[in-house]
Amino acid sequence: NHLLLMNGPNINLLGKREQDIYGDVTLARIEKELTDLVEEHGSELDCFQSNHEGELVDRLHQANEAAYDGIIFNPAAYTHTSIALRDAIAAINVPVIEVHISNVHKREAFRHQSMLASVCYGQIVGFGKDSYRLAARAFLETK
Ligand code: DQA
């Protein structure tokens, strides 16, 4: 299993940004913990974060060419706006799990809609940083 963790805009500020919503854990910590979990299962994880929509589209295309087994993706605010990311996910053969740290359904109405969920393999929402671990387990244990 070769998995890819992708994070979208502002996720690089985890630990500093809106701690009451996102907690105090940093992205570096999440990447390290997830890498350890995936490696314990004899699999491999690559990590990518970008604040730029087009770079995220490019990384999805590359992941397809590299034939990853799964992508764990927190698209952050682009979840609610990006037809380009939706089309990229629909265009590739690699299954994507959409992940959110916060329970977006408890928050502002504009966060209730995902442009991406219906082209994803599944969605995990609202378990804090453990949302990432649950997504990794879904790939490691069900795929
Ligand atoms: C988020 C939820 C999004 O609505 C928000 O724009 C984010 C983070 C989450 O992980 O809870 O940046 O994706």
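So, D87 sits in helix α4; helices here are DSSP runs of H or I with at least four residues, strands are E runs of at least two, and both are numbered from the N terminus. Before I go on: this is a predicted model, where local features need pLDDT of at least 70, side-chain atom pairs count only at pLDDT 80 or more, and totals for chains, interfaces and linings use all residues. Residues are numbered from 1 along each chain as its sequence is written.

Is D87 buried, exposed or in between? With 15 C-beta neighbours inside 10 Å, D87 comes out as partly exposed. The cut-offs: buried is 20 or more other C-beta atoms within 10 Å of the residue's own, exposed is 12 or fewer, partly exposed is in between, and the C-beta atoms are placed from the backbone.

Staying on α4, its buried residues are L85, R86, A88 and I89. They cover an arc of only 165° around the axis, so they lie on the same side of α4; that arc is taken from the directions from the helix axis to the C-beta atoms. On the face turned away from that side you get the exposed I83, A90 and A91. And α3 and β4 are among the things covering the buried residues, with contact meaning backbone-placed C-beta atoms within 7 Å.

Now, D87 is also in a UniProt "binding site" annotation from an unreviewed entry, along with N74, H80, I101, S102 and R111. UniProt positions are in the numbering used here, feature names are shortened, and annotations may be inferred rather than shown by experiment. Those positions spread over 38 residues of sequence, and in space they reach up to 24.4 Å between C-alpha atoms.

H80 is in the loop between β3 and α4, and it's partly exposed, with 16 C-beta neighbours inside 10 Å. Setting aside neighbours within four places in sequence, H80 contacts F110, R111, Q113, S114 and M115.

Which residues surround the ligand? They are N10, N74, A76, A77, T79, H100, I101, S102, V104 and R111, where near means a backbone-placed C-beta atom within 6 Å of the molecule. By class that shell is 4 nonpolar, 5 polar and 1 charged. Nonpolar is Ala, Val, Leu, Ile, Met, Phe, Trp, Tyr, Cys and Pro, charged is Asp, Glu, Lys and Arg, and the others, Gly among them, are polar.

Y22 is in helix α1, residues 19–22, and is partly exposed, with 19 other C-beta atoms within 10 Å. Not counting residues up to four places away in sequence, Y22 touches L14, R17, I101 and S102. H100 is in strand β4 and is buried, with 23 other C-beta atoms within 10 Å.

Last bit, the core. A nonpolar core is a set of buried Ala, Val, Leu, Ile, Met, Phe, Trp, Tyr and Cys residues joined through C-beta atoms within 7 Å. The largest one has 28 residues, and L3, I71, I72, A135 and A136 touch the most other members. Elements supplying at least two residues each include β1 (2–7), β3 (70–74) and α5 (130–142). Beyond its neighbours within four places in sequence, A135 contacts I72, I97, V99 and I124.

How values were computed
Contact = placed C-beta atoms within 7 Å.
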